[in-house]
Amino acid sequence: MTKPPSKTGHKIEQALEQALEKALDPFATALKRATRPGSDAPAAGKPGLAISPLAVPFPAIPPIGGVEIATARAGFYKHERDDLVVFRFARGTSCAGVFTRHKIGSAPVDWCKKQLGSAEGGKDVRALVVNAGCANAFTGKAGADAARRTASEVAKRFGCRQRDVMLASTGVIGVVLDEKKIIAKLPEVEQGLDSDAWAKAGRGIMTTDTFPKGSYAEAEIEGYKVRIAGIAKGSGMIAPDMATMLAFIVTDADIHPNVLQALLGLHVRTTFNSVTVDGDTSTNDTALLFATGTSGAPRIGRVGDRRLKSFSAALDKVMLDLAHQLVRDGEGATKFVKVTVDGAASPASARKLAKSIADSPLVKTAIAGQDANWGRVVMAVGKTEEPVDRDHLAIWFGPHEAAIDGAPSPTYDEAKMTAYMKNPEIDITVDVGSGRASATVWTCDLTKGYIEINGDYRS
């Protein structure tokens with residue numbers, strides 16, 4: 001417990017407390033972000049949404065060789081905001097993608113999977129078109145035709161084949177994309193292409209997001225510096241195996257599409273597929289990785305090439321950073337929660353157990369109420385039917401032991417536990433005593449804000 005301040009130090013401490021409160025105030029964070037260069041638009045994707053108290057500032061991202069970006073207002077939203085983002089890539093840009101496992105994939109997901117899955121897929125991708133406000137999912141042939149026409153018109157503008165144009169959409173399901181809104185903006189987009197527009201792009205793809213999400217890292221390939229930059233969007237309908245999540249990552253390294261695909265698949269499991277907000281998987285999940293080859297570094301054409309070590313680590317860093325930001329912007333979230341399961345019978349079992357805890361509404365509401373209700377954690381573990389040794393089960397909240405050897409901990413301290421649960425970031429660790437495997441999933445709490453946001457989503 002903090003010692004009360006003395007009379008002589010009261011004013012100083014009071015001033016420090018006020019400064020700290022201001023620094024932590026989400027609106028102050030939003031103001032700071034809004035005054036960054038190029039940040040001349042409101043942070044929230046939907047009017048009236050308060051900035052998440054877990055928000056982080058958009059990073060400084062330098063231009064990446066071989067890519068230009070433009071944003072525009074196509075009119076998919078009633079209010080004034082950019083809702084169209086277009087990337088133009090240099091000739092020879094490689095591309096790889098990972099998509100939702102949802103059985104009712106959207107038209108743009110179908111389009112990208114078809115193009116990247118073809119014989120020459122991913123070898124010369126020239127553009128990416130992203131719209132917010134209309135998911136173009138569950139729209140049948142009409143939606144597929146709208147996606148194809150969009151790609152065709154962009155291809156004409158950029159002098160490439162329509163198969164070299166990737167598409168992504170996010171927004172309301174069941175509404176056919178009006179591609180004419182996009183096509184009408186292409187002249188403006190072409191004039192506005194800029195190598196330094198990452199922050200605008202981050203805002204342009206937002207839906208119920210309350211802050212734009214970006215990440216940047218550098219790596220080395222045979223003495224050459226290579227850059228990796230990415231943006232993502234997602235706030236609800238977030239669950240492992242992708243979500244209502246869009247993520248676009250670009251590097252100036254020169255890497256074959258097959259190698260890019262292997263790297264993306266390797267890292268997506270422990271990043272984008274290891275976060276959950278509400279356990280719901282979307283129709284539109286898309287993560288695309290582009291390599292423009294403009295850095296001067298030698299081309300990497302083999303998956304096992306040792307020269308990829310630094311790049312692979314940097315890519316993982318960018319992807320994990322973006323994945324964490326999705327959770328930090330979970331609809332109505334006030335707590336960022338890391339769930340780790342140790343002592344599982346297998347990695348798959350550990351993952352299933354961690355996901356069960358992270359997805360449990362009872363666990364998530366207890367965290368929202370700052371209640372270390374470890375009984376609910378026990379419930380979430382036991383319902384999975386995964387191998388668990390009840391008599392060796394142990395649970396910790398941060399450094400505080402709640403249960404040990406299948407029973408309440410004799411050192412349990414309610415006051416310390418209550419104080420810990422007030423933190424904005426919470427760690428839950430569970431040892432199920434069945435083996436040596438472990439897994440980590442990140443989630444957030446479940447508050448009334450989630451209900452409010454989703455109760456009027458289409459209004």
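Biologist: What are the ground rules here?

Modeller: This is a predicted model, where local features need pLDDT of at least 70, side-chain atom pairs count only at pLDDT 80 or more, and totals for chains, interfaces and linings use all residues. Residues are numbered from 1 along each chain as its sequence is written, and side-chain values use heavy atoms, with hydrogens and water left out.

Biologist: What is the average pLDDT of the protein chain, and where does pLDDT stay under 50?

Modeller: pLDDT is the predictor's confidence in each residue, from 0 to 100. The protein chain averages 87, and 85% of the residues score at least 70. Residues 1–42 stay under 50, as do residues 237–243. Where pLDDT is low, the predicted coordinates should not be read in detail.

Biologist: Which residues is Ile61 in contact with, leaving aside its neighbours within four places in sequence?

Modeller: Contact means heavy atoms within 4.5 Å, and for Ile61 the partners are Asp196, Trp198, Ser215, Tyr216, Ala229 and Gly230. Tyr216 is 155 residues from Ile61 in sequence, while their C-alpha atoms are 6.1 Å apart in space.

Biologist: What makes strand β8 largely enclosed by the rest of the structure?

Modeller: Strands (E, at least two residues) and helices (H or I, at least four) are DSSP runs, numbered from the N terminus. In β8 (residues 246–251), six of the six residues are buried, so the strand is largely enclosed by the rest of the structure. In a regular strand the side chains alternate between the two faces of the sheet. Here Leu246, Phe248 and Val250 point one way, Ala247, Ile249 and Thr251 the other, and all are buried.

Biologist: How do you know that β7 and β8 pair?

Modeller: Two strands pair if DSSP finds at least two bridges between them. β7 (residues 224–233) and β8 have six bridges, in the antiparallel sense; in one of these, Ile228 is partnered with Thr251 of β8. β8 is also joined by six bridges to β9 (residues 286–291), this time running parallel, and Leu246 has Thr286 of β9 as its bridge partner.

Biologist: Why is α9 called oblique to α11?

Modeller: Helix α9 (residues 347–359) packs against α11 at about 135 degrees, with the axes 8 Å apart. That makes α9 oblique to α11, because angles under 35 degrees count as roughly parallel, over 145 as roughly antiparallel, 65 to 115 as roughly perpendicular and the rest as oblique. The axes are lines fitted to C-alpha atoms, for helices over the stretch in contact, and angles run from 0 to 180 degrees between N-to-C directions. Leu353, Ser356 and Ile357 in α9 meet Val377, Ala380 and Val381 in α11.

Biologist: Why does Gln370 count as partly exposed, and Glu385 as exposed?

Modeller: Gln370 has 30% relative accessibility, so it falls in the partly exposed range. Glu385, at 74%, counts as exposed. Gln370 sits in the loop between α10 (361–368) and α11 (374–382), and Glu385 in the loop between α11 and β11 (394–397). Phi is positive in Gln370, about 60 degrees, although it is not a glycine; Glu385, also a residue other than glycine, has a positive phi near 65 degrees.

Conventions:
Buried < 20%, exposed > 50% of the residue type's maximum accessible area, 1.4 Å probe, protein only.
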